[in-house]
Amino acid sequence: MTKPTDAAPRDASGDAVLICKLLAADPNHLGGVALASGPGPGRDAFLACYRHYTQDQTPLITVPSHVSVDRLEGGLDIAATLARGKPIKSRGLMATAENGALLLLSAERLSIDKAARIALAMDDNHHTPFSLIACDESRDDDEALPAILAERLAFRINPDQGIAALKAEGSLPKNITAAADAVTLPEKIEKALAETALMLGIASPRALIFAFRVTKLHAALNHRKSVNEADAAVAAQLVFAHRATQMPVEQSETEDQSEDQNNESQPDSSDTDSDSGGALADRVLDAVRAHLPEGLLAKLDASAFARQGRSGTGAKAAKAGKTRGRPLGARRGDPRSGARLDLVETLRVAAPWQTLRRRTQPNRSGVLVHKDDFRVRRFKESRETTAIFVVDASGSSAIRRLAEAKGAVELILADCYVRRDRVAVIAFRSKSAEILLHPTRSLQRAKRSLAELPGGGGTPLTAAIETTLSLADQVKRTGGVPLAVFLTDGRANITRDGTPDKARALGESESAAKALRASGVKSLVIDLSDRPEGAAKVLATALAALYLPLPHAESHTISNHVGAAMKSAGERR
Amino acid sequence: MTARFPFSAIAGQDEMKRALLLTAVDPMIGGLLAFGDRGTGKSTAVRALAALLPAMKAIEGCPYHCDPASTQAQCEACRNKTKPKTKSMPIPVVDLPLGATEDRVVGALDLERALASGEKAFEPGLLAAANRGYLYVDEVNLLEDHIVDLLLDVAASGENVVEREGLSIRHPARFVLIGSGNPEEGELRPQLLDRFGLSVDVRTPTDVATWVEIARRRLAYEADPEAYAAQWAPEDAELQRKLVSARKKVESVILSDEILERAAALCLALQTDGLRGQLTLMRAARALTAFEGRKQVTLDDLKRMAGPALRHRLRRNPLDETGSQTRIDRALTELFG
C-alpha cells in the first residue's frame with residue numbers, strides 16, 4: 001500500500017484539523033461536515049479548532065433541531081408586530097450565518113421540512129451561503145442525518161477519535177480560495193479520482209465535485225500551484241471514505257486491458273511520471289481503503305436501506321395533527337409553525353379584552369390581538385401502519401410450508417401497496433434473528449428479501465421476538481403503528497445465548513412474547529406446523545395474538561385476516 | 001443575480017434534457033417526472049432551462065404576472081384594467097420544498113395585513129408565483145399526498161381556487177410541473193404518476209469521462225459564473241433559437257392518420273389506463289418533430305417518445321419487477337418490427 005508522504009499526519013485528528021482548515025478557508029463550496037458524535041470533548045475540540053482558523057471573523061450560529069422554519073428563514077416577528085401594530089420582520093438564522101457556519105445540534109432529529117429548507121438554501125446557485133456543521137448524534141440504525149443534507153456535506157468525521165492530537169496550529173494563508181482556483185488539476189488525477197469514486201460505488205457526482213475542490217484547496221494550503229497525488233489521496237479519504245457503498249473489487253483483467261489501451265492511445269509519453277492512470281487510481285483507492293472504518297461495509301447495506309426508508313417518514317410523523325385529518329377543535333399556538341390559524345376562535349378570545357387593551361394603546365385602530373390570543377386548528381390523523389413480518393426460516397419449519405407462507409405474505413404485500421402501508425421483514429434461523437428489511441414502502445424489496453430467504457438451522461424464537469420488539473419501538477417512535485406477523489411453528493429450540501436447549505428456549509420465548517404483548521404491539525401468528533394447535537398456539541396465547549393455523553388457512557384467508565388486523569391497528573390511537 | 005449554470009453545459013443526461021426541452025416546446029405535454037439518484041443534476045437542469053427560455057411579457061404589479069396578450073388567461077384584476085403597463089421578466093421557476101404547508105402552496109390570508117391594519121387580503125402562494133413558469137418539486141414521492149393531489153388538480157385545470165378563512169379567490173395558475181425523486185425511498189400512487197406528462201429515469205453516469213467532465217465544468221462555473229456562462233452563451237443561444245422556432249411550428253406539424261393509428265395500437269397493446277397516455281405520446285412526438293426542424297411525425301419519432309410518454313402509465317403489478325421500458329420495447333418490436 002502506498003502511503004502519501006508529504007501530507008499531514010493521516011489519522012483521525014489530522015483529518016479533523018484539516019477539515020477545519022478547509023471549511024474555514026472555503027465556507028461556500030464544501031457544504032460542511034457531519035460530526036458523528038454526541039456532545040463532548042471531541043466536538044468541543046473540533047469547534048475550538050474551527051474557530052481558531054476562522055479567527056472568529058465569521059459567524060458560527062448554533063441552531064437547535066426544534067428551530068422553527070420561521071426562525072430559520074426569517075419572516076414576520078409576530079410578538080413585535082402585534083406590539084407595535086405594524087409588520088416587523090426578523091432576519092433568519094440562515095441569513096445571519098452568511099459566509100460562516102450553521103452549527104446544527106442533534107441534526108438527526110431535524111424534521112424533513114426544515115432539512116429541505118436548509119438544503120434549498122445550500123443549493124443557492126453557484127455557492128452555498130454558509131457551511132453546515134451538523135452534529136449527528138444518532139446511535140443506532142433508526143436515526144440518521146436527513147439524506148438530503150448528508151448528500152450536500154463534503155465531510156463526515158467522528159471528532160472523538162484521536163481527540164488528544166486535535167489542536168490547531170498556525171493560521172491560514174490569506175486569499176486561499178483565490179489561490180485554490182488558480183491551482184491546476186492534472187487530467188490524470190481527475191480521472192483517478194473519478195475512477196476511485198465509481199469503484200467505491202458512490203452514486204452522486206457531487207462527491208467528485210467536492211473531491212476536486214478539496215484537492216485544489218489542499219494544494220493551495222501547501223503552497224503548491226498544481227495538484228499532486230498526495231492531495232488526491234487526502235481528498236479521496238475525506239470525501240469518499242464515508243460515502244462508499246461497496247468494497248472496491250480487485251481490478252479484473254479486462255479492466256486492466258482497457259486501461260492499457262487507453263494509455264496507449266493517449267500521447268502521454270512526454271510525461272516523466274510513468275504512472276498509468278489506473279495505477280494512480282489504485283493508489284488513491286488504497287489510501288481510502290485504509291480509511292474505511294472497520295465493519296463499516298458490513299453495516300453499509302442495512303444502514304443505507306434504513307436511511308432511505310426513513311427519509312420518507314419524518315414528514316409524516318412531524319406533521320401529524322397539524323394540517324390534515326379529522327378536526328379536533330382549536331388550541332393556543334403559533335400560526336406560523338405550519339398549523340392553520342382558526343380566525344374566528346382567535347377573535348373570540350381577543351374580543352373580551354378589547355376595552356382594556358384600547359385603554360393602554362389609544363392610538364391603535366382595529367382589533368387589538370395579542371400573541372396569546374392565537375388559536376390554531378388541530379387535527380387527528382390516522383397513523384401509518386407498519387407490518388413487521390417475522391419469518392421462521394429454521395429447519396423445523398418445513399421449507400415446503402415456508403413456500404406456502406411466502407405466497408400468503410405476497411398477497412398481504414399487495415394489500416399493503418394499496419393501503420400505502422409500510423413493511424419490514426425479520427428472519428430468524430440457526431442462532432440469531434436478523435432484520436432483512438427496515439420499514440419501507442418499497443414492496444419490491446420486501447418481496448425480494450423474502451424470495452432470497454435461506455432456510456435451515458435451529459429456531460431462535462426468543463431472539464426473533466426481541467428483535468421484533470426493538471423494531472416495533474422504532475416504528476412507534478417515528479409515529480407509526482407496528483403490527484407483528486409471525487410465520488412460525490413456534491417450536492423454539494435455541495436459547496437467548498444461542499445454545500440448543502428446548503425446554504429453556506420455550507420458557508424464554510414465552511416471557512419474551514409477554515414483553516411484546518405488554519408493549520402493546522398487536523400481533524398475528526400464522527402456524528406453519530403440520531399439526532396445528534401446538535407450540536404456535538401457546539405463542540399466540542402469550543402474545544394475545546390472532547392465531548391462524550396454515551393447514552386450514554388458504555392464502556386468501558390469511559391475507560383477509562391480516563388486512564382486517566392492519567385496519568384496526570391503523571384506526572387505534 | 002449571478003448567472004445560472006448554462007443548460008448546454010450539463011454533461012450527460014441527454015434523455016432528461018430532451019424531455020425538459022419538449023415540455024418547453026409544448027407546455028400542454030404536462031410536466032415531467034424525473035426519477036433517479038441524487039446529485040444527477042436534476043434541479044440544475046430545471047433552473048438552467050428557465051434561464052434558457054426567452055423572457056416573457058407580464059402585466060406590471062400583478063402577483064400572478066398575467067400575460068398581457070391573452071385576456072382569457074388573465075386574473076380578474078388584470079382583465080378589468082384598460083391598457084395595463086407591462087414589463088419583461090424571466091420565466092419563473094419556483095421550488096416547492098418538502099414540508100411546505102397548504103397555506104404556503106395555495107396562498108392564505110395575509111397575516112401581516114390582517115394583524116397590522118385589520119384588512120382581509122390574500123397572500124398569494126407558490127402556485128401564484130409559478131404561474132406561466134415551472135414548479136419544481138424535489139422528492140415529489142415524499143411530499144404529503146394531499147399536497148400532491150392539490151398540485152396535480154391545479155396543474156390540470158390551470159386555475160387555483162381558494163376557499164378558506166373567509167377568502168374566496170380564483171386566479172390563473174398554469175405551470176409546468178417538474179417532479180423528481182428516488183423511487184427506492186417510496187413510490188408515487190399510480191393515479192398521480194398518470195398525471196405527469198413525461199417520465200425519465202435519471203441514472204448516475206457510470207463512465208469516468210462523464211464524471212470528470214461534470215466535476216470539471218462545475219468547478220469552472222463556481223470559479224467565475226459570469227465568464228463561464230458567457231463561454232457557453234453561443235450554445236445556449238442556438239438552443240434557444242431552436243426552441244423558439246419549434247414553439248411556432250409545433251401546431252403545424254403533420255400527424256398523419258397512420259401515425260395516430262399506430263400510437264393507438266401501441267397504447268392498446270400496452271393496456272395503458274385512460275387516454276392521457278396516447279394524447280401525451282402524440283403531443284410529445286409532435287414537439288420532438290418540431291424541435292428537430294421537421295414537418296411530419298414519423299414512426300421513428302413515435303418510437304423514441306414511447307418510453308418517456310408511456311413508461312409510467314403501464315398497469316403494474318406492484319410486485320412485478322419487469323422494467324416498464326422492457327415491456328414497451330417488446331411491444332414496439334411486436335407491433336412495428
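In chain B, 16 residues of domain 1 touch 15 residues of domain 2, where a contact means C-beta atoms, placed from the backbone, within 7 Å. The model is predicted: local features need pLDDT of at least 70, side-chain atom pairs count only at pLDDT 80 or more, and totals for chains, interfaces and linings use all residues. Residue numbers start from 1 along each chain as its sequence is written, while chains are lettered from A and ligands numbered from 1 in the order in which they are written.

**The two domains**

- Domain 1 of chain B covers 7-55 + 90-202, and domain 2 of chain B covers 251-336; such bounds come from an automatic or database domain assignment.
- Their C-alpha centres sit 25 Å apart.
- On the domain 1 side of the contact, α1 (14-25) and β11 (198-202) of chain B each give two or more residues. Helices (H or I, at least four residues) and strands (E, at least two) are DSSP runs, numbered from the N terminus.
- The top contributor on that side is α1(B), with four residues.

**Helix on helix**

- α1(B) packs with α12 (residues 276-291) of chain B at about 95°, their axes 9 Å apart. That makes the two helices, α1(B) and α12(B), roughly perpendicular, a label for angles of 65 to 115 degrees.
- Axes are lines fitted to C-alpha atoms, for helices over the stretch in contact, and angles run from 0 to 180 degrees between N-to-C directions.
- From α1(B), B:Leu21, B:Leu22 and B:Val25 meet B:Ala284, B:Ala287, B:Leu288, B:Ala290 and B:Phe291 of α12(B).
- This contact of α1(B) with α12(B) has eight nonpolar residues, no polar and no charged.

**The sheet**

- Five strands of chain B line up as β4-β7-β10-β1-β11 in an open sheet with parallel pairing; strands pair if DSSP finds at least two bridges between them.
- β4 (93-95) and β11 of chain B are at the edges with a single partner strand each, so one side of each has no neighbour in the sheet.
- Neighbouring strands of the sheet are turned by 20° against each other on average, direction ignored.
- β1 (residues 32-36) and β10 (residues 176-181) of chain B pair in the parallel sense over four bridges, and B:Phe35 has B:Gly181 in β10(B) as its bridge partner.
- Helix α2 (residues 42-52) of chain B packs on this sheet, touching β1, β4, β7 (134-137), β10 and β11 of chain B, and its direction makes about 170° with that of β7(B).

Technical notes. Two residues are in contact if their C-beta atoms, placed from the backbone, lie within 7 Å. Angles under 35 degrees count as roughly parallel, over 145 as roughly antiparallel, 65 to 115 as roughly perpendicular and the rest as oblique. Ala, Val, Leu, Ile, Met, Phe, Trp, Tyr, Cys and Pro count as nonpolar, Asp, Glu, Lys and Arg as charged, and the others, Gly among them, as polar.
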